[in-house]
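Hi everyone, thanks for coming. Let me put the structure up, and then we can walk through it together.

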Amino acid sequence: MPRTAQRTSQRRSPRLARTLACAAIAVPALLVAGCSSDSGGDGGGSATSDEGAKEPKAAPVKFKELPDACKTVSKDTVKKATPKTDNASGKRIGSGNTQDSGSCLWSGLDKFDYRQLTVTLKRFDSDTSRGSGDKLAGAFLDQQADAVQSDKANKELKSGSAGGIGDKATSFSYKVDKKDGKKSEEFREHQVFARSANVVVLVDYAGAGFESAKLPSADDLKKNAEKAAEEAVASLK
């Protein structure tokens, strides 16, 4: 491999990993806001009248924990999506807390063809004031989809449903320029946002051709991204 291509991939890979990972696991304000609770009357003589009152209970959720994000996609799929990867087991991003969220990154460089796959999982509990876990997960999925569609940096954006993946899934394909100082590199990306009950699966698959190599085809990216999303949803227990 020419040294220029090797230096380019080494320089760009960590930067791109941070950019995609941070975008994928951003949590909307409504999910980090504290839950308010109604204060019950606690004055003298009220115990008898409130005796029959019951505290509202949050709706039960289907998924109470998440799998390891780095084990949601098979190694065969990883190898097809990120050729010549030097870490088929993936790299965990963030705290690694499998209770509420998790994210994993794979990348590979085959000559001048760079590929990167990121899978992020986000779980939601029900809340008596904000709604069920399924509802909160749906709101989060819609917010992520809106963010992609409203980002003017995404060129030639195409969207559509990704049938058969979870309860609801949306797929996006576009081109975007990733800047590194004064230089920029054009990437093609495909994202799949899927919800299964109270869990959202976010898949971001990107590719570039360094040293004037061609961008990967949109169809190839879509095929690999949706395959990863299917496996990630299937891993939820």
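Among contacts in the chain between residues at least 6 apart in sequence, what percentage join residues at least 24 apart? The figure is 63%, where contact means heavy atoms within 4.5 Å.

A word on the background: this is a predicted model, where local features need pLDDT of at least 70, side-chain atom pairs count only at pLDDT 80 or more, and totals for chains, interfaces and linings use all residues. Residues are numbered from 1 along each chain as its sequence is written, and side-chain values use heavy atoms, leaving out hydrogens and water.

The chain has 5 helices and 7 strands; these are DSSP runs, H or I of at least four residues for helices and E of at least two for strands, numbered from the N terminus. Of the 237 residues, 45% are buried, meaning under 20% relative accessible area with a 1.4 Å probe, protein chains only, while exposed means over 50% and partly exposed lies in between.

Now look at helix α5, residues 218–234. Its buried residues include Leu-221, Ala-225 and Val-233, and their cover includes α3 (75–81) and β7 (199–209).

Finally, two loops. Most residues other than glycine have a negative phi. Lys-84, in the loop between α3 and β1 (91–93), has a positive phi of about 65 degrees. Ala-197, in the loop between β6 and β7, has a positive phi too, near 55 degrees. Are they buried or exposed? Lys-84 is exposed, at 62% relative accessible area, whereas Ala-197 is buried, at 6%.

Methods:
The expected span of a helix is 1.5 Å times one less than its number of residues.
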